[in-house]
Amino acid sequence: MTVRPHHTDGLTLISLLKEYISGYKLLFHMDDYTSGSDSDYTKYWIDWFLGTKGNEYFCEVDEEYILDRFNLTGLNTEVQYYSQALDLITDNLDENLDEEMRDIVEKSARHLYGLIHARFIITTHGLTKMLEKFKKCDFGRCPRVLCHNHPLLPVALSDVPYSKSVKLFCCRCEDIYNPKSSRHASIDGAYFGCSFPHMLFQVYPQLVPPKSTDRYVPRIFGFKLHDVAKQHRYQDMIREESHARIMAGIEGLPTTAAQGSSSGQQNHKNRAADGTGVATESGAMADVN
Ligand SMILES: [Zn+2]
């Protein structure tokens, strides 16, 4: 049995509250009705939704925004039981709905709220509200060591609902990450949209951190890996050229190693001329065994 905490009628609220206190251990899905404090009980659906564990990324959409039907254009075709879902969000749902129907409407209401949320957070007021959450690090911090715990922002990889879950964007390394918690990782990305963080930084450019030059450099025993690899490639090239030249000298055939770049050809001629058979360019490893 489930009880929805959106009723505005006083008597109903009291009776629900009694029921809640006496039987919540058996009857309630805790996650559905409580926040981290385990004691919150709200009569407004949005308050309840925002207080539910896992919904920390969402901000409160202004009631005026929801009530202005212009803002919801097109959503009626995207959400099942749209008008009941909207009534539930605005605490006007008919209380005589049966349990099963109420659960369906509840699900639709969450989806509808998410879609409204995606539109709201790119409005001026929505951006302000999300900015506050960003400053409080409500979306977590960048896991990259060299980003020094920079706060993250939610972002979608697709604006189409039910296609991709929400990701977290770091404006310092300009990369995206999966949310740590599975509750957050399962939130639909369409409830935030692809544009949101970038819109925020357009409006608040002062929040964009200076480009970091910090880069991790892989090393083995203190040597940079890429330099070692480059040296190895150079040594291999010299070895192959020498081998080809020796073989050419033995067989009296033209060399094939000099068919590469013009500089390669030049090197080959120079070395053939001085007769040393050893690469002597500055910085080269003279290893031609
Ligand atoms: Zn980062």
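This is a predicted model: local features need pLDDT of at least 70, side-chain atom pairs count only at pLDDT 80 or more; totals for chains, interfaces and linings use all residues.

Me: How many residues does helix 7 have, and what span does it reach?

Reply: Helix 7 (residues 124–135) has 12 residues. From its first C-alpha to its last it reaches 17 Å, close to the 16 Å expected at 1.5 Å a residue.

Me: Which residues of helix 7 are buried?

Reply: In general, an α-helix has 3.6 residues a turn, so residues three or four places apart point the same way. In helix 7, the buried residues are Gly126, Leu127, Met130 and Phe134. Because these residues cover an arc of only 95 degrees around the axis, they lie on the same side of helix 7. On the other side, Thr124, Glu132 and Lys135 are exposed.

Me: What covers the buried residues of helix 7?

Reply: The cover includes helix 6 (99–120), strand 1 (153–155) and helix 9 (196–203). Just after helix 7, Cys137 takes a positive phi of about 60 degrees.

Me: In what order do the strands of the sheet run, and is the pairing parallel or antiparallel?

Reply: The open sheet is formed by 3 strands in the order 1-2-3, with antiparallel pairing. Strand 1 and strand 3 (175–177) are the edge strands, each pairing on one side only. From one strand to the next, the twist averages 45 degrees.

Me: Which residue in strand 3 stands opposite Phe169?

Reply: Ile176 is the residue opposite Phe169. Strand 2 (residues 167–170) and strand 3 pair over 3 bridges. Helix 9 packs on the sheet, touching strand 1 and strand 2, and its direction makes about 130 degrees with that of strand 1.

Conventions. Residues are numbered from 1 along each chain as its sequence is written. Helices (H or I, at least four residues) and strands (E, at least two) are DSSP runs, numbered from the N terminus. The expected span of a helix is 1.5 Å times one less than its number of residues. A residue is buried if 20 or more other C-beta atoms lie within 10 Å of its own, exposed if 12 or fewer, and partly exposed in between; C-beta atoms are placed from the backbone. The arc is that of the directions from the helix axis to the C-beta atoms. Two residues are in contact if their C-beta atoms, placed from the backbone, lie within 7 Å. Two strands pair if DSSP finds at least two bridges between them. Axes are lines fitted to C-alpha atoms, for helices over the stretch in contact, and angles run from 0 to 180 degrees between N-to-C directions.
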